[in-house]
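Work through the two exercises below with the sequence and the model at hand. Each task is followed by a solution in steps.

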Amino acid sequence: MPATFTRNQVEIERKDPGIGGKPPYDRRPTGGGGDGENWDNQPSGRHGPRELLIRYRLGVLFALAGDLMFFVALVSAFFVRQSSGHFDVHDNFTNDWLPLAVPPILWLNTAVLLLSGLTMEVARRQLFHEIDVMEEWLGLGRPAVKRAAPWLMATLVLGLMFLGGQWIAWEQLVREGYSFISPNPSSHFFYLITGIHGLHLVFGIFALMGALVGMFTLKRVELRQVAVDSVAWYWHTMGVFWIFLFVLLVFFQ
Amino acid sequence: MPAAYSLLEAARVAWMPADGALHGPIVDRLMFWNLVALCVPAVVAHVWLVFAMLRRRPAAGVFPAAIRWGLLAAFCVMYTWMALTAQRLWAENRFAGPSLSAMQVEVVGEQFQWYFRYPGPDAVFGTIRPQLVNAAAGNPLGIDPRDAHGDDDIVSSTLVLPAGREVDLQLRSLDVIHGFFIPGMRLKQNTVPGLVLHIHFTPVVVGTYPILCSQVCGLGHARMQARLLVVSPADFQAWLANRERARAGEQGQ
Amino acid sequence: MKRIFARIFTTNHRTLGIFYLYLALAAVAVGTMLSLLMRFHRVWPDAVIPFFGIMKPEDYLALVTMHGTLMIFFVLTTAPQSGFANLVLPEQIGARGMAFPRINAAAFWLTVVAFLVLISAAHISSGGAPISGWTNYPPLSALPGAGPGQGLGMDLWLVSIGIFCIAAWLSAVNMLATILGERRAGMTWTRLPMTVWAWLVASILTLLAFAVLLAAVVLLFSDRHFGSSFFIPMGDMIDGRVVGHGDGSPLLWLHLFWFFGHPEVYIAVLPGMGLATSLFANFTRRRVAGYRMMAGMLVAIGLLGLAVWGHHMFVSGMNPYAGTAFAMITMAIAVPSTVEVIGWLATLWGGGLRLQAPMLFALGFLSFFIVGGLTGPLLAEPALDAYLHNTFFVVAHFHLIMAMAGVFSVFAGIYYWFPLMTGRLMNETLGKLHFWVSLITAYGTFLPMHFAGLAGEPRHYDRLAGPVTSFPSLIPVERAITYSALLLAAAQFIFLWNVFASARRGRIAEANPWQATTLEWADAEGPMRIERGPYEYELPSSGKGFHPQWESATKEE
């Protein structure tokens with residue numbers, strides 16, 4: 001069985017509930033180190049193992065908050081554009097919005113992206129697996145990385161499949177006559193929304209590749225955790241954004 | 001108090017142009033009292049600042065909270081009064097439409113000229129098509145010759161209105177956003193291409209009032225001016241009859 | 001070579017703060033020169049200006065556009081926020097550095113790139129810089145044929161601002177992560193200096209507002225080059241040709257732009273408000289009365305500031321009921337601002353002010369804030385704004401509250417933190433001279449504009465003499481304003497001389513020369529845990545009269 005699926009002998013012996021299960025009361029992790037866990041009276045940079053992680057999580061959170069506002073602006077433009085029209089010569093209010101039927105492959109792409117979110121989360125949790133992290137920290141090999149790497153690769157492959165599927169969707173639209181530089185506003189929005197989301201996903205692919213490389217080259221275990229954790233939250237957010245955007249394109253035209 | 005009022009009234013008259021609209025005096029009164037209400041705290045605050053700067057020996061104790069809250073309450077009352085009085089005027093002017101007997105005039109802004117269109121004896125505006133706009137051929141607004149209603153439309157570059165009659169202006173723009181501004185009527189409304197916007201007012205005082213463009217529209221923005229001539233109803237009938245005769249003559253040819 | 005590279009692309013936040021201030025200095029120098037050209041032209045429209053020639057109407061409008069863009073983006077969004085925060089924020093919260101030093105540096109260099117692209121807009125294309133004002137309403141900004149400079153010049157403006165948005169986003173992410181995650185133990189929310197609160201709220205606004213501006217810029221770029229019609233309505237004409245083929249909405253740009261534009265002005269002024277509170281406490285030797293209230297009001301202003309954008313659009317064609325809603329919320333925002341001002345005035349009431357240069361400029365900030373701010377509620381009423389919109393009354397309002405107050409807060413910060421930057425003090429006499437001349441000439445420049453606006457003089461007019469009206473009564477006013485503006489600009493040479501001469505030969509400053517309490521003045525690392533509030537000043541009846549934040553609480557009592 002590949003390392004990613006095997007359980008550590010120690011885990012079985014001490015009845016470790018595994019990923020997702022609550023540890024027994026007497027073994028709740030406290031952050032280690034005696035002195036009553038008094039992390040505070042330390043200079044900056046010595047605030048414990050989660051200091052770096054929290055900093056990067058905060059950074060990713062705020063970056064994504066700004067990104068969210070960007071998408072909110074585009075979506076509001078979408079709604080305004082749908083409903084704006086003009087009075088024609090007979091004083092009828094008409095608008096030029098022709099709802100675009102999304103290519104069916106988009107449903108498959110959505111499923112692929114959701115699946116990639118699943119694999120990403122598994123990879124992320126593997127890297128926080130307490131027993132393995134402790135071994136890595138002690139320098140005894142990289143069991144957490146070995147567990148997480150295949151899931152990360154799976155996410156990468158699924159992400160590339162999603163992007164490929166989006167590209168196919170674009171080609172289908174162009175074949176039907178709806179290119180970006182056509183006067184049809186709903187096709188403009190389709191390309192804009194899927195394109196900008198796709199661009200974000202391309203950044204995500206590069207980040208995934210960086211995290212994969214980093215898992216094997218970064219020397220400190222917490223840096224590896226930070227790398228994968230940051231990419232994971234970014235990836236999840238892009239997945240959630242996609243669900244909203246997809247629902248918008250399919251049901252709100 | 002009355003002396004101060006007249007002094008400031010003189011200042012006001014020196015700075016705001018004479019108003020000729022029915023709602024003009026109300027706007028002017030509101031403006032005057034708003035300015036007074038704002039100048040007083042500004043002066044008091046600066047006296048306070050100067051006093052504080054000159055006070056060499058520091059006084060003990062904190063500024064009494066009761067007075068702070070009292071000041072805040074007074075300001076809140078002032079702000080509420082300002083908001084409500086102005087809101088009443090706004091609602092009067094903008095929430096309700098014009099009366100049914102209001103005269104209809106269309107205002108069209110174009111880089112860098114104002115046009116005014118009267119519907120003629122049939123009281124209906126002819127339809128307009130942008131493709132037909134051709135100022136050189138005498139059709140600056142693109143009135144469709146196929147529409148019979150447009151045959152008697154009068155296009156003028158001066159806005160002539162009879163005193164005492166409510167007029168409903170229909171504002172359009174051919175190219176970019178312009179700002180239709182008649183200082184003497186205390187009237188301003190942007191003209192937005194793609195939209196037909198309505199404002200109504202009643203000119204009361206006979207005279208000539210400048211019409212300015214208040215939204216930057218290109219290199220001729222400062223020159224995009226026209227005249228509003230408010231004339232007696234008899235003079236207006238004469239002018240209108242004159243123009244209708246001329247228009248009928250044109251159509252006849 | 002590698003060392004020069006490392007020194008230029010440093011990640012040290014202090015150095016980056018000074019770099020930001022240099023960038024703002026370059027931008028304000030260019031922006032001021034542009035405004036002087038504008039003022040000169042308004043009084044002597046037919047003069048031949050050396051190195052410029054005769055100013056055509058489009059030249060004037062290009063000056064207006066570039067002046068606004070440079071000042072708002074590259075002076076008022078950089079110096080008070082990124083400039084000073086990079087200088088002192090980590091120290092003020094007891095952190096070792098910024099959370100993401102490299103992202104911080106990247107944000108600065110992207111801002112520099114944006115600045116260079118913007119400057120190139122005026123020089124590269126034959127059409128020159130855009131002429132649609134810093135607000136660039138479409139279709140004027142969406143159609144290259146609508147005017148000179150609306151071609152490549154407009155594209156470069158869009159690219160520049162797009163890059164600036166990304167830089168602002170990165171900078172805000174860094175600052176928020178730093179303020180939320182890097183505070184030293186014991187630096188609780190109620191022990192933060194007011195400057196940090198201000199930077200916190202301004203960073204949140206930056207994050208939210210610039211993302212929307214970026215979206216608007218992308219959509220406008222698409223309209224200009226990809227045949228879309230987000231903003232260009234059906235049947236729109238330019239130069240006699242119908243170019244509008246889709247049902248775009250120019251009002252959509254107004255909504256998106258002002259959703260950014262209003263928070264932007266709070267981003268410009270909030271850091272100054274935080275600094276004013278700090279300086280008033282420092283130079284009156286008093287605690288900040290109602291600290292929680294003051295901090296809460298900064299947050300309230302920030303939050304409400306996201307909801308009032310429609311007050312720029314009362315006469316834009318927006319639904320009048322929406323106008324009422326925006327008017328009410330805008331009037332509401334007057335309340336926290338009034339609370340802040342009353343708080344400041346209450347702090348100052350006791351007298352005994354140390355009237356040194358930083359304090360004078362903080363007082364000047366307060367003066368401009370009051371005078372400029374009080375015309376806000378007037379403009380917030382749609383019935384009155386229907387007369388005053390886009391007249392010089394509005395110009396007076398925002399120059400007083402944003403330009404002068406904002407710039408005075410930057411001056412206050414530079415005079416105040418000069419010892420941290422150079423180890424020396426700026427010359428006090430020159431500082432006082434700079435203050436008084438600037439204050440008086442600034443009022444001389446902008447107060448008369450209120451009257452010009454009441455007379456109905458619209459903005460963006462390159463000359464008063466028009467076909468129908470010439471505003472003859474305003475010519476002497478315009479002349480007075482121009483003379484005042486020239487003096488105001490000249491006074492800044494006092495400041496520049498003071499800065500650069502004092503950096504070399506100024507009086508050496510002792511540690512903590514202003515006897516401040518905030519952590520940036522600590523000369524050593526300080527305790528591991530902060531136990532004191534930010535403004536523990538007491539009247540000089542007890543010892544040295546103040547407890548810096550780097551002292552432990554057990555020392556006294």
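**Exercise 1: Two domains of one chain**

The C-alpha centres of domain 1 and domain 2 of chain B lie 38 Å apart. The model is predicted: local features need pLDDT of at least 70, side-chain atom pairs count only at pLDDT 80 or more, and totals for chains, interfaces and linings use all residues. Residues are numbered from 1 along each chain as its sequence is written, chains are lettered from A in the order in which they are written, and side-chain values use heavy atoms, with hydrogens and water left out.

Task: Describe the interface of domain 1 of chain B and domain 2 of chain B.

Step 1. Domain 1 covers 2–94 and domain 2 covers 103–252 of chain B; such bounds come from an automatic or database domain assignment.

Step 2. In contact (heavy atoms within 4.5 Å) are 15 residues of domain 1 of chain B and 14 residues of domain 2 of chain B.

Step 3. The two domains of chain B bury about 990 Å² between them, 51% of it on carbon and sulfur atoms. Buried area is the accessible area (1.4 Å probe) that two parts lose on being put together, summed over both.

**Exercise 2: A helix of chain C**

Task: Find how far apart the end C-alpha atoms of helix α8 of chain C should be, and compare with the model.

Step 1. Helices are DSSP runs (H or I, at least four residues), numbered from the N terminus.

Step 2. The expected span is 1.5 Å times one less than the number of residues. The 35 residues of α8(C), residues 250–284, should therefore span 51 Å, and the end C-alpha atoms are 51 Å apart, which agrees.

Step 3. After α8(C) comes C:R285, whose phi is positive, near 60 degrees.

Notes: Helix = DSSP H or I, 4+ residues; strand = E, 2+ residues; numbered from the N terminus.
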